[in-house]
Amino acid sequence: MDVINITSISDIEIQVADFNFDTIKLNRLTDGHPMVRIGIEIFKLEQFYTLLDCDKIEIANFFATIEATYLEQHFHNATHAADVMQSVYSLLVNSPVNKHLEPLDRLSIVIAAATHDIAHPGVNNTFLANKNDELLQKFGKESTLEKFHFSIALKVIEETRILENLNQYDSSRVTALIKELILATDPGKHSINTNEFLKIKEDINLENSSHILRVLKQAIICADISGQARKLEIATQWGERVYEEFFRLGDLEMELGLEVQKLNDRNTVDVNKGQVGFINFCVKPVFKAWNEVFRNEFSSKILENLDFNCQQYKKLC
Ligand SMILES: [Zn+2]
């Protein structure tokens with residue numbers, strides 16, 4: 001692992017609750033350690049140091065280990081994971097659910113966000129199935145990658161002993177919740193989860209743990225695809241990264257003689273058109289649901305961002 005200068009990283013000021021956060025810029029400012037910086041900030045604000053009875057160096061090492069376990073993919077890398085961590089935190093602290101969350105729920109979702117794509121191979125579940133990849137044989141056809149990510153996350157948690165000062169019951173509760181949240185990030189499950197989330201709209205009870213679980217799942221789903229909901233100049237950078245990864249996968253599919261998935265063909269895909277479709281069919285429904293349940297200025301502002309970005313992409317089609 002690289003030696004990291006925790007003092008200089010900690011000195012960089014960040015507004016971790018701000019939705020218009022630029023993790024790509026933070027990646028440059030921290031020499032590739034945005035997750036360490038965001039992690040230190042959230043741990044300080046949430047007093048997780050006391051909860052886990054650990055210090056700043058242990059936490060910096062924990063997040064640096066997670067960063068180092070991500071591969072250098074164009075999109076599914078440690079910067080994306082750090083961004084999801086910041087995004088989920090921002091969504092929760094700016095929603096009415098915030099004051100109902102227990103410290104262990106907050107801790108679990110932060111770790112789940114940090115690890116949700118850990119060791120991502122830059123391909124998707126459809127590719128793994130088409131190729132009959134060994135990951136499929138190991139983890140099954142359903143949510144193959146997400147189960148793989150959880151297995152690696154668990155290893156890092158165990159090896160870094162980050163939860164060792166919690167009692168057995170709490171530590172099991174945290175890892176079980178991390179598993180549920182990582183599995184919820186399977187894009188194939190977004191609409192099922194969003195429908196489940198919307199069911200609590202009428203009689204939402206934030207003292208009810210099953211309602212809280214649905215809220216947390218929706219929060220991580222939103223955060224995972226929040227790149228396009230950020231300010232346009234940030235959103236376009238995430239978009240470029242996503243499409244470069246898709247196109248490389250398309251090249252690989254071609255090379256292996258597999259069917260090239262619709263979004264992966266660099267010769268036919270119009271990126272701006274693709275973004276319009278992605279916003280309308282994937283990103284907007286999950287944030288719309290969030291806004292329907294929590295309806296506040298913060299959540300409606302995100303929908304405005306999405307509409308604005310979509311209009312700009314349409315102009316370029
Ligand atoms: Zn992700």
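This is a predicted model: local features need pLDDT of at least 70, side-chain atom pairs count only at pLDDT 80 or more; totals for chains, interfaces and linings use all residues.
Me: Which residues does the UniProt annotation "binding site" cover?

Reply: A word on such records: UniProt positions are given in the numbering used here, feature names are shortened, and annotations may be inferred rather than shown by experiment. Here the unreviewed entry's "binding site" covers His80, His116, Asp117 and Asp224. They span 145 residues in sequence, yet no two of their C-alpha atoms are more than 10.0 Å apart, so they gather at one spot.

Me: Is His116 buried or exposed?

Reply: The idea is to count neighbours: a residue is buried if 20 or more other C-beta atoms lie within 10 Å of its own, exposed if 12 or fewer, and partly exposed in between, with C-beta atoms placed from the backbone. His116 has 29 such neighbours and therefore counts as buried. Asp117 has 26 and is buried as well.

Me: Where does His116 lie, and what does His116 touch?

Reply: Helices here are DSSP runs (H or I, at least four residues; strands are E, at least two), numbered from the N terminus. His116 is in the loop between α7 (103–115) and α8 (125–131), and Asp117 is in the loop between α7 and α8 too. For touching, two residues are in contact if their C-beta atoms, placed from the backbone, lie within 7 Å. Not counting residues up to four places away in sequence, His116 touches Ala81, Val84, His149, Ile182, Thr185, Ile220 and Asp224. With that exclusion again, Asp117 touches His76, His80, Ala81 and His149.

Me: Where does UniProt place the feature "active site"?

Reply: The unreviewed entry places that feature at His76. His76 sits in the loop between α5 (56–69) and α6 (78–93), and counts as buried because 24 C-beta neighbours fall inside 10 Å. Leaving aside neighbours within four places in sequence, His76 is in contact with Asp117, His120, Gly122 and Glu245.

Me: Which residue has a positive phi of about 65 degrees?

Reply: Most residues other than glycine have a negative phi. Ala119 has that positive value although it is not a glycine; Ala119 lies in the loop between α7 and α8 and, with 18 C-beta neighbours inside 10 Å, counts as partly exposed. Asn132, also not a glycine, has a positive phi of about 50 degrees. Asn132 is in the loop between α8 and α9 (134–139), and its 9 C-beta neighbours inside 10 Å make it exposed.

Me: At what angle do α12 and α15 cross?

Reply: Axes are lines fitted to C-alpha atoms, for helices over the stretch in contact, and angles run from 0 to 180 degrees between N-to-C directions. Helix α12 (residues 190–198) and helix α15 (residues 271–294) have axes that come within 10 Å and cross at roughly 15 degrees. That makes α12 roughly parallel to α15, since angles under 35 degrees count as roughly parallel, over 145 as roughly antiparallel, 65 to 115 as roughly perpendicular and the rest as oblique. Among the residues making the contact are Phe197 and Leu198 of α12 and Val286 and Ala289 of α15.

Methods: Residues are numbered from 1 along each chain as its sequence is written.
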